[in-house]
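I opened this notebook to keep track of what I looked up, entry by entry, in a structure that was new to me.

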Amino acid sequence: MKTLARALLVSALALAGLTAQPANAAAEFNVRDYGATGNGSTNDDDAIDRAINAASAAPGGIVVFPSGRYRARTIHLKSHVTLRLDAGATLLAAGSGMDAPESNPYDDYQDYGHSHFHNSLMWGSGITDFHITGSGTIDGDGNLITGDPDSGEADKALTLTECSDISLTGVTFRRGGHFAALINGCHDITIDNLKTIHSSSGVRDGINLINSWNVTVTNSRIEASDDALVFKSDYALGHTYTSQNVRVRDTTVYSHENNALQFGSETCGNFRDFRFENITVLGAGKAGIGIVSMDGAIIEDIHYDNVSLTKTTSPFFFKIGERKRCPGSPPAGRIRNITVSNVTGTNLTAPVVTGTVGARDYTSTLTGTPSVDIGPGITFTNVDLTVPGGHPASEASRNPGEFLTTYPPRDYGARPSFAYWLRHAAGVTLNGRVGFDENDNRPAVIANDASNVILQGIALQRGSGSAYDVGFTGVNGYAVRDSADTSGGALRIRATDSTPIGGGEEPVSLYAEAESGTVTAPMATASDSAASGGSYVTVASGSNSKSSAPSTGWTTMSFDLPRGGTFAVWARVIAPTDEDDSFWVRSGTGSWTNWNNIALGASWHWVRFPSTYTLDAGTRTIAFAYREDGARLDRIAISSDPNFTP
């Protein structure tokens, strides 16, 4: 019967030339009907408040801002209300008459702007079912303060505290003051197709999500001069909530001077279960991806996938500090179980070099404290970075201070490595590639005071003057697996007071073709299909130098050693008779050794040189010179594995 009655009603309305409205259509409350002028100079906030009150009482009404410029002092938000800013509608902040900041007994635990909520263009506390939508603009108009406001001034465009069922869609924030949106203690939040616009003045932070959970940010562009999209946990509410179940997708982020995607620095409560996917970072004066736990927070189960970084001073900056700016002066927190996957980074210099930023670039950094390691479970997979480079080898000896109470990347100054710098870390795995635009003579990776650090399938560019590629100092458990420099050579490893994973030194075994070395006459290359690679080296008949090594007539082979050690030398030879069974051998520029009485054989066979060489990591050479004609040399192997047999 209800279906039939509705059909008859629709038919009757059609005959009368009317259109049936959905039974649940929200009522609209046009701010002009409540006295708003939209002329850009008259304060329309009283009219806007009246429209909001009516829409809330409906409940669920839509407050409509048609095209116009609506100047306003503080607007008071209510539950069950949607603000719709139509095309051409701009909500402008007044320069005076804003609500006074409420008192807060917890002022000491965070900055002034975090501690006070009423001194905003719009604020709501404890409200639910509140939405802002449309294609219009919310503009501070240069009247929202980026520092601490004076009487009658505001420093935020939108403030929401302990609210639920919130959505911000479609609109644009300009010149938002200290915060375009400060959202604290709220849950079930949707942000979609939102824009915050960076300008030369009148803007600091973009979107601050503090102590908030069940959050989705999609299809948005968040710009700011200070932190752009940031997650915090302060004590402004007198308590904290766990920030969790947050999803950020298909979003572009830009910070002119500070952090693009950031956790902290306010970190009283814990964070877990965050996912960032398909993110474009167009610039960051500090960190492109930053995580700092300064006040005791546990930050865990955080995952980034498919991120593009450019104009970023520090691609990654993860730090545990001990600022303790929360009740009870909590001890250092934790940062653990973080994955970073499928990231590309190019043109990685600061958008602008200022006193805020520091230098043009800083190495990606993961650091804990002397008593609390960062990690475990921090994994970088398929991370491809091209850093600026241009640093001297002398910086490899730098040992930056701890800076336990501060958090900017600039505090540490130049790092001793160009790709990653790890300190006080446990359970970190690095994979991908890091190169540079300009030759950099620092090592690529350095880990100090750490444990279980693994380089797995990583390619690292080598500076022309770098002493080594990867350095471990005081590392209990390290491994370099399936990794190389970007030219395919073995990585050179310097390990000091460190042990490989498994408890023993991972042996190094390398091969070289004799004919691929530097061959000087009268030694020469000859062909033999049975030789490795089809060639070998020997000396012409009648050339003998039995009493001493010849001044020429060598083949000198280079080996890039990832680790130092004691190396045995093996040679694949033919020694047909006891008159043709010897070479002179030396390591580097050391003394020549007469290797005589090589095991005889008319076909190619491996024999072990009776001496060993102690070699440091890096490029090392082994030279063979002729002693008796008829001895032939095909291939060389060196190994620090006592059980090695070629």
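**Salt bridges**

I began with the charged side chains and counted 34 salt bridges, taking a salt bridge to be a side-chain nitrogen of Lys or Arg within 4 Å of a carboxyl oxygen of Asp or Glu. The model is a predicted one, in which local features need pLDDT of at least 70 and side-chain atom pairs count only at pLDDT 80 or more, while totals for chains, interfaces and linings use all residues. I number residues from 1 along each chain as its sequence is written, and the side-chain values use heavy atoms, with hydrogens and water left out.

I looked up Glu300 and found it in a salt bridge with Arg336, with 2.9 Å between the closest N and O atoms. This pair links distant parts of the chain, since Glu300 belongs to strand S24 (residues 298-310) and Arg336 to strand S26 (residues 334-346), 36 residues apart. Strands here are DSSP runs of E with at least two residues, helices are runs of H or I with at least four residues, and both are numbered from the N terminus. Arg336 counts as partly exposed because its relative accessibility is 26%; I use buried for under 20% relative accessible area, exposed for over 50% and partly exposed for what lies in between, with a 1.4 Å probe and protein chains only.

Next I turned to Glu513, which forms a salt bridge with Arg635, the closest N and O atoms being 3.2 Å apart. Here too the pair links distant parts of the chain, with Glu513 in strand S35 (residues 509-513) and Arg635 in strand S45 (residues 632-639), 122 residues apart. Glu513 is buried because its relative accessible area is 18%, whereas Arg635, at 26%, is partly exposed.

I also noted the salt bridge in which the side chains of Asp361 and Arg360 meet, at 3.0 Å from N to O. Which of these two is buried, and which is partly exposed? Asp361 is buried, with a relative accessibility of 8%, and Arg360 is partly exposed, with 34%.

My last entry on charges is a network of salt bridges that links Arg71, Asp139, Asp141, Arg174 and Arg175.

**Cysteines**

I then counted the disulfides, meaning pairs of cysteine sulfur atoms within 2.5 Å, and the count came to 1. Cys268 and Cys326 form this disulfide, with their sulfur atoms 1.8 Å apart, and the link is left-handed, with -90° about the S-S bond. It joins distant parts of the chain, as Cys268 sits in the loop between strand S22 (261-267) and strand S23 (271-293) and Cys326 in the loop between strand S25 (312-320) and S26, 58 residues apart. Both are buried, Cys268 with a relative accessible area of 17% and Cys326 with a relative accessibility of 5%.

I found Cys163 buried at 2% relative accessible area and Cys186 buried at 0%.

**Around Thr161**

Cys186 came up again when I looked up Thr161, whose contacts (heavy atoms within 4.5 Å), not counting residues up to four places away in sequence, are Phe117, Gly124, Ser125, Gly126, Asn184, Cys186 and Leu237. Thr161 lies in strand S11 (residues 156-161) and is buried, with a relative accessibility of 6%.

**A sheet and a helix**

I followed an open sheet of 5 strands in the order S36-S39-S44-S41-S42, with antiparallel pairing; two strands pair if DSSP finds at least two bridges between them. Its edge strands, each pairing on one side only, are S36 (518-519) and S42 (593-595). S36 is joined by 2 bridges to the antiparallel strand S39 (residues 554-561), where Thr555 is the bridge partner of Val519.

In helix H2 (residues 45-57), I noted that the buried residues include Asp45, Ala47, Ile48 and Asp49.

**Confidence**

Finally, I checked pLDDT, the predictor's confidence in each residue from 0 to 100, and found that the protein averages 93, with 95% of the residues scoring at least 70. Over residues 1-23 the pLDDT is below 50, and this stretch has 5 contacts in the model beyond near neighbours in sequence.
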